[in-house]
Amino acid sequence: MVRLLGPQDRLLTTIEHQFPDVTVLVRGNRVTLEGPADQVTAAERLVQELILLVRNGADLGPVDVTSSARILERGEGSPAEVLSQAILVSKGKSIRPKTMGQKAYVDAIDLNTITFGIGPAGTGKTYLAMAKAVQALQRKEVERIILTRPAVEAGERLGFLPGTLTDKIDPYLRPLYDALNEMMDPEIVPKLLAAGTIEVAPLAYMRGRTLNNAFVVLDEAQNTTPEQMKMFLTRLGFGTRMVVTGDVTQIDLPGGASGLQLVRHVLENIPDIHFAILTSEDVVRHSLVGRIVDAYTKYDAERQLRAYERTQAAEDGANRAERRGHHPQDHRPPSAERPKRGWRG
């Protein structure tokens with residue numbers, strides 16, 4: 001019951017938010033639901049699925065409650081069957097997909113040689129990809145893991161950081177090290193890094209290499225140029241799987257197009273390459289993160305609409321002027337009437 005209801009009955013509160021017309025009462029090991037019959041039936045099924053998740057060893061959080069309710073509402077199957085498949089168990093904690101979008105993303109990694117995970121912050125793109133990489137290494141499906149990301153500044157200059165080149169690059173790769181230490185024994189990680197079994201390097205270090213029998217993860221791919229993306233993908237060797245993750249709404253490139261934006265148009269119809277699109281519904285951080293993502297998406301859409309309307313208005317004005325027989329910018333007199341430059345009368 002403690003695992004079902006959560007600390008301070010936090011999960012119980014989340015269930016009540018899903019069904020505002022249902023009153024949830026807990027006495028000992030008994031949960032009583034009161035309210036409209038259809039709502040009580042839906043709430044009962046949700047509680048039963050959460051009980052099954054707990055029995056399967058899942059550590060429930062608010063996102064599990066909302067995701068389970070969404071799956072049941074859409075008739076997408078049993079949440080206990082869909083969401084209880086653990087990728088890894090580390091430090092007594094299971095790492096598993098928590099939404100249908102994440103489940104489809106993890107399945108795509110298993111089925112394809114190259115998988116692109118595209119979505120907003122907090123959707124677990126990098127975390128799940130690294131979990132699959134560690135799983136593949138533990139199962140001896142690959143001989144090594146290679147984790148890489150472009151070293152692109154987000155408002156700060158790389159040259160102002162103290163230390164050697166390695167020290168300067170380290171902050172950009174720190175999130176990958178942190179995730180590794182969560183998924184593996186922190187004492188083993190340095191040994192695997194020293195032996196080359198796990199390699200964490202900036203994207204520039206990939207040029208000229210052929211990567212065989214490896215699980216390769218490219219993080220923050222929205223900050224690659226089209227040339228860098230092509231260079232990275234052509235490193236693919238035999239027995240290698242690649243996962244490319246990124247968020248096209250957080251591009252830090254100083255100018256030019258993002259390789260992640262272009263690559264979908266170029267490779268979308270090629271077999272054995274899959275594009276998994278995650279949305280705000282797949283955010284597994286604080287529930288406020290999903291609302292922030294939606295707010296920015298709405299703002300960007302409105303800004304693009306206003307820019308389009310301004311462009312159309314300018315084109316319409318030019319067309320009307322042209323129909324009247326003159327160009328709006330042609331205010332100069334005919335060439336015969338204009339005095340020559342430097343001419344003195």
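Is tyrosine 299 buried, partly exposed or exposed, and what is its relative accessibility? Keep in mind that we're looking at a predicted model here. Tyrosine 299 counts as partly exposed, because its relative accessibility is 43% and that label covers the range between 20% and 50%. You'll find tyrosine 299 in helix H12, which covers residues 287-323.

Now for the charged residues. A search of the whole structure turns up ten salt bridges. Here are some of them, with the N to O distance for each pair:

| Salt bridge | N to O distance |
|---|---|
| arginine 139 and glutamate 141 | 3.8 Å |
| arginine 241 and glutamate 141 | 2.8 Å |
| glutamate 220 and arginine 149 | 3.0 Å |

Notice that glutamate 141 shows up in the pair with arginine 139 and again in the pair with arginine 241. How do its members sit relative to the surface? Arginine 139 is exposed, because its relative accessibility is 54%. Glutamate 141 is partly exposed at 42%. Arginine 241, by contrast, counts as buried at 17%.

Let's go back to the bridge between arginine 241 and glutamate 141. Arginine 241 belongs to strand E9 (residues 241-246), while glutamate 141 is in the loop between helix H7 (125-138) and strand E6 (144-149), so this pair ties together parts that are 100 residues apart in sequence.

The bridge between glutamate 220 and arginine 149 is worth a look too. Glutamate 220 lies in the loop between strand E8 (214-218) and helix H10 (226-233), and arginine 149 is in strand E6, so the parts that this pair ties together are 71 residues apart in sequence. Glutamate 220 is partly exposed, with a relative accessible area of 26%, whereas arginine 149 is buried at 9%.

Last stop: asparagine 112. This residue is in the loop between helix H6 (100-111) and strand E5 (114-118). Asparagine 112 counts as buried, because its relative accessible area is 17% and the cut-off for buried is under 20%. A polar atom of the asparagine 112 side chain lies 2.9 Å from the backbone oxygen of alanine 108. Leaving aside neighbours within four places in sequence, asparagine 112 is in contact with Arg241, Asp272, Ile273 and His274.

Notes: Residues are numbered from 1 along each chain as its sequence is written. This is a predicted model: local features need pLDDT of at least 70, side-chain atom pairs count only at pLDDT 80 or more; totals for chains, interfaces and linings use all residues. Side-chain values use heavy atoms; hydrogens and water are left out. Helices (H or I, at least four residues) and strands (E, at least two) are DSSP runs, numbered from the N terminus. Buried means under 20% relative accessible area, exposed over 50%, partly exposed in between (1.4 Å probe, protein chains only). A polar contact is a pair of N or O atoms within 3.5 Å; within protein, one must be able to donate a hydrogen and the other to accept it, and residues adjacent in sequence count only if both atoms are side-chain atoms. Contact means heavy atoms within 4.5 Å. A salt bridge is a side-chain nitrogen of Lys or Arg within 4 Å of a carboxyl oxygen of Asp or Glu.
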